[in-house]
Amino acid sequence: MSEIEFLQLLSLNQGIIYKICNVYGNSKEDKDDLFQEITFQAWKGYPHFKARSKFSTWLYRIALNTALTSFRKKRPIINYLPELPDFITDEESTVAQARQTLLLDAIKQLNETDKAVITLYLEELSYQEIADIIGISETNVGVKINRIKSKLQNLLKNGNN
């Protein structure tokens, strides 16, 4: 397994890493650090990748495990100034972006397992793929998704309190 092969696979699947970083990172700096750490962990683990599953499934598992490990580490609390949003002229894009931000804020309030499950579900992975990545049964995935949807509806209805 070559470096070039790894970089090609990583390039094709980097969206997975970005999505996990957006769910688990609170600031641009956190997201950048997490992206770098996930990439490093994937590179370290790549020689052990045996292609028994799809590369994307393996990368999701690496990304989630790295995000959860990073999340649990004790770090000093640093408050960054919020970033200015990009100037958007299309009103529909602004509304869609606002809805996406509300959903992301609600997802961030879930526990770590629920965050992982809903992120994979929103990526349109099958229940079986989610089960393989998270390490639970396919039936349990379905139950969790229904419960998470209810939690998110309540959070969104109550203003993400």
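Student: Which helix is D114 in?

Tutor: D114 is in helix α5, which spans residues 112-122. Helices here are DSSP runs of H or I with at least four residues, strands are E runs of at least two, and both are numbered from the N terminus. This is a predicted model: local features need pLDDT of at least 70, side-chain atom pairs count only at pLDDT 80 or more, and totals for chains, interfaces and linings use all residues. Residues are numbered from 1 along each chain as its sequence is written, and side-chain values use heavy atoms, with hydrogens and water left out.

Student: How many helices and strands are there in the protein?

Tutor: There are seven helices and zero strands. Along the sequence the pattern reads α-α-α-α-α-α-α.

Student: Back to D114. Buried or exposed?

Tutor: D114 counts as buried, because its relative accessibility is 5%. Buried means under 20% relative accessible area, exposed means over 50%, and partly exposed is in between, with a 1.4 Å probe and protein chains only. Of the 161 residues of the protein, 34% count as buried.

Student: What does D114 touch?

Tutor: Leaving out residues up to four places away in sequence, D114 touches K144, I148 and K151. A contact means heavy atoms within 4.5 Å.

Student: And K149, where does that lie?

Tutor: K149 lies in helix α7, residues 138-157. K149 and D114 are 35 residues apart in sequence and 9.9 Å apart in space, C-alpha to C-alpha. K149 is partly exposed, because its relative accessible area is 34%.

Student: What is the span of α7, first C-alpha to last?

Tutor: Helix α7 has 20 residues and reaches 29 Å from its first C-alpha to its last, close to the 28 Å expected at 1.5 Å a residue. The expected span is 1.5 Å times one less than the number of residues.

Student: Which residues of α7 are buried?

Tutor: V141, G142, I145, I148, L152 and L155 are buried in α7. They are on the same side of α7, because they cover an arc of only 150° around the axis. The arc is that of the directions from the helix axis to the C-beta atoms. T139, R147, Q153 and K157 are exposed on the other side of α7.

Student: What follows α7?

Tutor: G159 follows α7, and its phi is positive, near 75°.

Student: New topic. How do α5 and α6 cross?

Tutor: The axes of α5 and α6 come within 10 Å and cross at roughly 145°. Axes are lines fitted to C-alpha atoms, for helices over the stretch in contact, and angles run from 0 to 180 degrees between N-to-C directions. The crossing of α5 and α6 is right-handed. A crossing is right-handed if the near helix is turned clockwise from the far one by less than a right angle, and left-handed if anticlockwise.

Student: Which residues make that contact?

Tutor: From α5 there are T113, A116, V117, L120 and Y121, and from α6 there are Y127, I130, I133 and I134. By class, the contact of α5 with α6 has eight nonpolar residues, one polar and no charged. Ala, Val, Leu, Ile, Met, Phe, Trp, Tyr, Cys and Pro count as nonpolar, Asp, Glu, Lys and Arg as charged, and the others, Gly among them, as polar.

Student: What else is Y127 in contact with?

Tutor: Leaving aside neighbours within four places in sequence, Y127 is in contact with Y121, E138, V141, G142 and I145. Y127 and E138 are 11 residues apart in sequence and 5.6 Å apart in space, C-alpha to C-alpha. Y127 counts as partly exposed, because its relative accessibility is 32%.

Student: Which residues of α6 are buried?

Tutor: E129, I130, A131 and I133 are the buried residues of α6. After α6 comes G135, with a positive phi near 90°.

Student: And α1, how does that cross α5?

Tutor: Helix α1, residues 3-24, and α5 have axes that come within 11 Å and cross at roughly 145°. The crossing of α1 and α5 is right-handed. I20, V23 and Y24 in α1 meet E112, K115, A116 and T119 in α5. The contact of α1 with α5 has four nonpolar, one polar and two charged residues.

Student: Last one: what does L122 touch?

Tutor: L122, also found in α5, touches L103 and I107, not counting residues up to four places away in sequence. L122 counts as partly exposed, because its relative accessibility is 46%.
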